[in-house]
Amino acid sequence: MGKYFGTDGFRGEANKTLTADHAYRIGRFLGWYYRHEAESNNPEDKCRVVIGKDTRRSSYMFEYALGAGLTASGADAYLLHVTTTPSVSYVTRTEGFDCGIMISASHNPYYDNGIKLINTNGEKMDEETILKIESYLDGEPAEIPYAERENIGRTVDYAVGRNRYIGYLISLATRSYKDKKVGLDCANGSSWMIAKSVFDALGAKTYVIHNQPDGLNINTDCGSTHIQGLQKFVVENGLDVGFAFDGDADRCLCVDEKGNLVDGDGILYIYGRYMKDRGKLQGNRVVTTVMSNFGLYKAFDAIGIEYEKTAVGDKYVYENMVQNGYRLGGEQSGHIIFRKYATTGDGILTAIKMMEVMLEKKATLSELASPLTIYPQVLKNVRVKDKAMVRDDAEVQKKVENTASRLGDNGRILVRESGTEPLIRVMVEADKLETCQDLVDEVVDFILSKGYGE
């Protein structure tokens, strides 16, 4: 991670840690870099960048600032307007753009925002280019030439790109959803129009909640971070299944017909088994992160599926998949990557894939998930002044080691830094919920007693 960019872009409170000037300067650098400095680029060619945004009020400000920076450096900025992160990735890689930009802070509250950069292949931007951008933000180089006369860039309304993405999603369905009652929680975010369009086109009886964004209500008591609302909605309306997305719709969590949560681990189990049964699971292996539940690994062991464990972050999951040729991976939080179809997590694609298994197997989601037993898990976030100081504190490390010893083979503890926020995340997994709660509280209280709390 760099000074400004974390594992999922440059994220912070709008106009506090991430300002309109930052966005303008990022646009200035990218417009110049992709025309004059990037390998294989011809300075005679116009740089083309596609931009999407979520529904936060500040997203409009950042869109205009990025557009101004890009066009001032001679690039053309193609605006998808309110759309999902995976749609920006799809359009970038399929339509020959030099790069893509998504304006979103994902699951964070409305007052935060972020700038996610995507390379021409639809993947997260490489570290080398990110470091060059960070150097420019810190004043090196001090000046980048402005484009002049006919070389000045322009902005282009490119809603057609979003529509092509919708068409692509629809094309991936293997069967009609006729007579299936599907609930969608759009988190008042990027999926608020797209998800319903897809499921309606596929014939579902679509029931949508939290699809009235006002710029301030994104992720507020809704979406994948507040699944209880969808659980209640599915049961009360007798729905067959429910899908909840986050603010930029690169995550999806599921709710079965009984109102039970099927999280990212459940999705990996269901689709991993489906792929194995059809001989499609490359390397007989699924890529997970260290946050995946013990229960997932036990369930995989029972059916002979092997697995990888990466650091937390879909970036690391994707890198492992590419390096080893694996086709399925993801996170417990609902970032699921189907590498045959996408280069990033895609919430709506994940929902389509879950519908595929249900329809092909003629089974309910609860039946598909039933062999998987999830261990109790408690996660608490500690807002701290300095994540590195907590990480390097020998007494904190000793406390964590002692806790791990107490758990033995019946559980585990994981203490890690958030890649996007000033948080230390403390997670304990054990055979009893009470044990998880007690041990998490002990470690959190110890960190706070050392004076690290913000």
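# Rings, strands and helices

Student: How many aromatic pairs does the structure hold?
Tutor: This is a predicted model, in which local features need pLDDT of at least 70 and side-chain atom pairs count only at pLDDT 80 or more, while totals for chains, interfaces and linings use all residues. Residues are numbered from 1 along each chain as its sequence is written, and side-chain values use heavy atoms, leaving out hydrogens and water. Rings of Phe, Tyr and Trp (its six-membered ring) pair if their centres lie within 6.5 Å, and planes under 30 degrees apart count as stacked, over 60 as edge-to-face and the rest as tilted. Counted in this way, the aromatic pairs number 20.

Student: How many residues apart in sequence are the parts that the pair of Tyr 78 and Phe 97 ties together?
Tutor: The two rings are 5.1 Å apart centre to centre with 75 degrees between their planes, an edge-to-face pair. Helices (H or I, at least four residues) and strands (E, at least two) are DSSP runs numbered from the N terminus, and Tyr 78 lies in strand S4 (residues 76–82). Phe 97 lies in the loop between helix H3 (85–94) and strand S5 (99–103), so the parts tied together are separated in sequence by 19 residues.

Student: How is the aromatic pair of Tyr 177 and Phe 199 classed?
Tutor: Tyr 177 lies in the loop between helix H5 (159–172) and strand S8, and Phe 199 in helix H6 (residues 194–201), so the pair ties together parts that are 22 residues apart in sequence. Both Tyr 177 and Phe 199 are buried. With 5.6 Å centre to centre and 40 degrees between the planes, the pair is tilted.

Student: Which residue has its charged end over the ring of Tyr 297?
Tutor: A charge sits over a ring if NZ of Lys or CZ of Arg is within 6 Å of the ring centre and within 35 degrees of the ring normal. One such case is Arg 25, which lies over the face of Tyr 136 at 4.3 Å from the ring centre, and Tyr 136 is itself linked by ring pairs into a cluster with Phe 29, Trp 32, Tyr 33 and Tyr 34. Over the ring of Tyr 297, 4.3 Å from its centre, sits the charged end of Lys 309.

Student: Which residue in strand S6 stands opposite Ile 103?
Tutor: Both faces of S5 are covered, with Cys 99, Ile 101 and Ile 103 on one side and Gly 100 and Met 102 on the other all buried. Two strands pair if DSSP finds at least two bridges between them; strand S3 (residues 48–53) pairs with S5 in the parallel sense over five bridges, and there Ile 51 stands opposite Ile 101. S5 also pairs with S6 (residues 112–118), in the antiparallel sense over four bridges, and opposite Ile 103 stands Ile 115.

Student: What distance separates the C-alpha atoms of Leu 372 and Ile 270?
Tutor: Leu 372 is found in the loop between helix H12 (365–369) and strand S17 (377–383), and at 13% relative accessibility Leu 372 counts as buried. Not counting residues up to four places away in sequence, Leu 372 touches Asp 265, Gly 266, Tyr 269, Gly 295, Leu 296 and Ala 299. Although Leu 372 and Ile 270 are 102 residues apart along the chain, their C-alpha atoms are separated by 9.0 Å.

Terms used: Buried < 20%, exposed > 50% of the residue type's maximum accessible area, 1.4 Å probe, protein only. Contact = heavy atoms within 4.5 Å.
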